[in-house]
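Please look over the sequence and the model before reading on.

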Amino acid sequence: MKRILVIASTFPASDNDPVPAFVKDQIIALKQLKPEFEFTVLAPHDKRSNTESFTKQDAYNEYRFHYFWPFSVEKLAGRGIMPALKASPLNYFIVPFLFIGEFMALLRVTIKLKPDILYAHWFTPQAVVARWVGALTATPFVFTTHALDVNVWHKIPIIGTLVVRGAARKAQAFTAVSMRSMARLEQFFPPGEWSTLKKRGTVIPMGVNLPSQDVYKHPKGQTILFMGRLAEKKGVQYLIKAFGEIIEKYPEAKLVIAGDGPLKKDLQKQARNIENVDFTGFISGEKKHLLLRSSKLYVVPSIIASDGDVEGLPVSLMEGLAYGKVCIATNESGADDILTNRKDGFLVPQKDVSALAEALERGLALSKSDYGTVSREARRTAAQFAWPHVAKQHNDFLFRHRP
């Protein structure tokens, strides 16, 4: 039996928890692929998710650790570290305690369980901490880098570069969710060293659960759907502007914004004078399924935020493709890794309201036949990233790879 200890800063406590679930989905897919593997998850406590110190799940055991007191202040994890820091600069004071708390918890669980490998999701802080614990316990570690989790080390001169290089050099293997994420890691290394090191790394996106075949029907209405956290890097403010430009020409069109986040009130205020904009809040389960099924267009308008925050490759895009939706996404979302413009979707530049509005019009104007063609191509693209296939890639590269 191979014991794998997964470390993540974002991990849902239940199926109804509004925390991204792709790490959980990956573990479940890996367990289905390798039933003999034993998975354990270590993640920070999150008061908003009512996390427990230990939970036994079907596919894994879950440990949670505290990193600050009072516990009500523990808000760095769960919804993402960068959003937490943006919400309150005081949270920067807690960052060192997250490193310390995670180090102590990982060391304790590693000594107790004696895993064969440590698997860190996100470079900061997980890969850094896994490197320290791996060195102390002689346990190999691997990591997956998402979005901007490496770039934060650019803000710490000299030391930041040493930290990134040191962790990547010691990792048994590593993956990035997109070519852009891998390029951010590459920036820390001189070309000669990277040419050698990159043999231990590859790009493997997160996967998607494919729906049953009965969802593939031509949608009756003209619903445009966005799903995700309402934060600056998601670019929803530009989608609302673009929708405002086309609503007069397409009065039956409806923009549904499904999600929650710090910009919700601002976005609702922005959309106040635009017809047919609906904010649903966070949705999951059957509501999410029905909304995806009934929508005609699926939009991922991601941008590079003012503080540099950026997407890796949104799993929500995979979901839109899996449901056969005509997807419209910006290059900066990482969608250009998997989408071919006007074949299985539309690619537009970030923050370009006119280009986004034009893409919305093109999508809404597609004939039933043309829509069906793009929809089939979207499903073919999504099939390449179905969890059984992606889990096998992760297993073969991360857990069998040797430097």
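Trp132 is partly exposed, with a relative accessible area of 39%; buried means under 20%, exposed over 50%, and partly exposed in between (1.4 Å probe, protein chains only). This is a predicted model, where local features need pLDDT of at least 70, side-chain atom pairs count only at pLDDT 80 or more, and totals for chains, interfaces and linings use all residues. Residues are numbered from 1 along each chain as its sequence is written, and side-chain values use heavy atoms, leaving out hydrogens and water.

**Aromatic pairs**
- Rings of Phe, Tyr and Trp (its six-membered ring) pair if their centres lie within 6.5 Å; planes under 30 degrees apart count as stacked, over 60 as edge-to-face and the rest as tilted.
- By this rule there are 16 aromatic pairs.
- Phe37 and Phe39 have ring centres 6.2 Å apart and planes at 50°, so the pair is tilted; Phe37 and Phe39 are both buried.
- Phe103 and Trp132 pair edge-to-face, at 6.2 Å centre to centre and 70° between the planes.
- Phe103 is buried, with a relative accessible area of 19%.

**Sheet**
- An open sheet of six strands has the order 11-10-9-12-13-14, with parallel pairing; strands (E, at least two residues) and helices (H or I, at least four) are DSSP runs, numbered from the N terminus.
- Strands pair if DSSP finds at least two bridges between them.
- Strand 12 (residues 297–300) and strand 13 (residues 326–330) pair over four bridges, with Tyr298 opposite Cys327.
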